[in-house]
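Subject: Structure for your review

Dear colleague,

Please find below the structure that I am handing over to you. My notes on what was found in it follow.

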Amino acid sequence: MVELIIGLIGFVITAAAGILSPLISCLCCSPLGSVGAGFGACAFRRPPSDQAVQRGLIGGLAFAGGGILGTGVGILFSSLLGATLGTSRELARQLGLPEPPSGMDYLLGGLISFCAAALIIPLISAGGGALGGVLWRAFRGSSTETPVPGETSRPMDRV
């Protein structure tokens, strides 16, 4: 259930960012959101210390699943609304570049951006989720660690 909520959060964030620019959703939302997703997955599930990275990775991939769908929806709405087309025309005018393509060329560029995002987002999010699991394990500290069965605790070993 936690992974579904993380995926929905990833969908909403990347869809909103994808309307502005597909690069924002792919290169900014994925790394930052997946670190939070990995940390959040560990915080809600509270895995043992040795499984925190795995749980964080699963949270990051859940964010990636929602992120890919959100990027697609964002690119679609951006193409239909022409939101980024006006910005790219103005930028090209200011830089003295030729007019950017419109119509079908613009939709093809959106499709290529979506395919690139679908390849990049899972990789970035998996790494970010694993990092979130490592951070959760570090913030949790050793005071709440469960002892290994059969191991005796010696205070001098911890120093």
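**Overall arrangement**

Read from the N terminus, the elements of the chain follow the order α-α-α-α-α, which gives 5 helices and 0 strands. Helices (H or I, at least four residues) and strands (E, at least two) are DSSP runs, numbered from the N terminus. The model is a predicted one, in which local features need pLDDT of at least 70 and side-chain atom pairs count only at pLDDT 80 or more, while totals for chains, interfaces and linings use all residues. Residues are numbered from 1 along each chain as its sequence is written, and side-chain values use heavy atoms, with hydrogens and water left out.

Of the 159 residues in the chain, 35% are buried. Here, buried means under 20% relative accessible area, exposed over 50%, and partly exposed in between (1.4 Å probe, protein chains only). The chain exposes about 9,600 Å², and carbon and sulfur atoms supply 71% of that area. Accessible areas come from the Shrake-Rupley method with a 1.4 Å probe; for residues, only the protein chains shown count as cover. Among contacts (heavy atoms within 4.5 Å) between residues at least 6 apart in sequence, 80% join residues at least 24 apart.

Helix α1 has 19 residues and reaches 28 Å from its first C-alpha to its last, close to the 27 Å expected at 1.5 Å a residue. The expected span is 1.5 Å times one less than the number of residues. The buried residues of α1 include V2, E3, I6 and G10.

The largest nonpolar core consists of 6 residues, namely V2, I6, A37, A41, A62 and F63. Such a core is a set of buried Ala, Val, Leu, Ile, Met, Phe, Trp, Tyr and Cys residues joined through side-chain atoms within 4.5 Å. The elements giving two or more residues to this core are α1, α2 (22-45) and α3. In soluble globular proteins, nonpolar side chains tend to be buried together.

F63 lies in helix α3 (residues 52-81) and is buried, with a relative accessible area of 2%. Not counting residues up to four places away in sequence, F63 touches several residues, among them I6, I9, C29, A37 and S125. With neighbours within four places left aside, I6 is in contact with A37, A41, G59, A62 and F63.

How many salt bridges does a search of the whole structure find? There are 2, a salt bridge being a side-chain nitrogen of Lys or Arg within 4 Å of a carboxyl oxygen of Asp or Glu. One joins E3 to R45, with the closest N and O atoms 3.1 Å apart. E3 lies in helix α1 and R45 in helix α2, so this pair ties together parts that are 42 residues apart in sequence. E3 counts as buried at 18% relative accessibility, whereas R45 is partly exposed at 39%.

E3 also meets R55 in a salt bridge (2.8 Å, N to O). This pair links E3 in helix α1 with R55 in helix α3, 52 residues apart. R55 is partly exposed, with a relative accessible area of 22%. Salt bridges that share partners join E3, R45 and R55 into one network.

Yours sincerely,
A colleague
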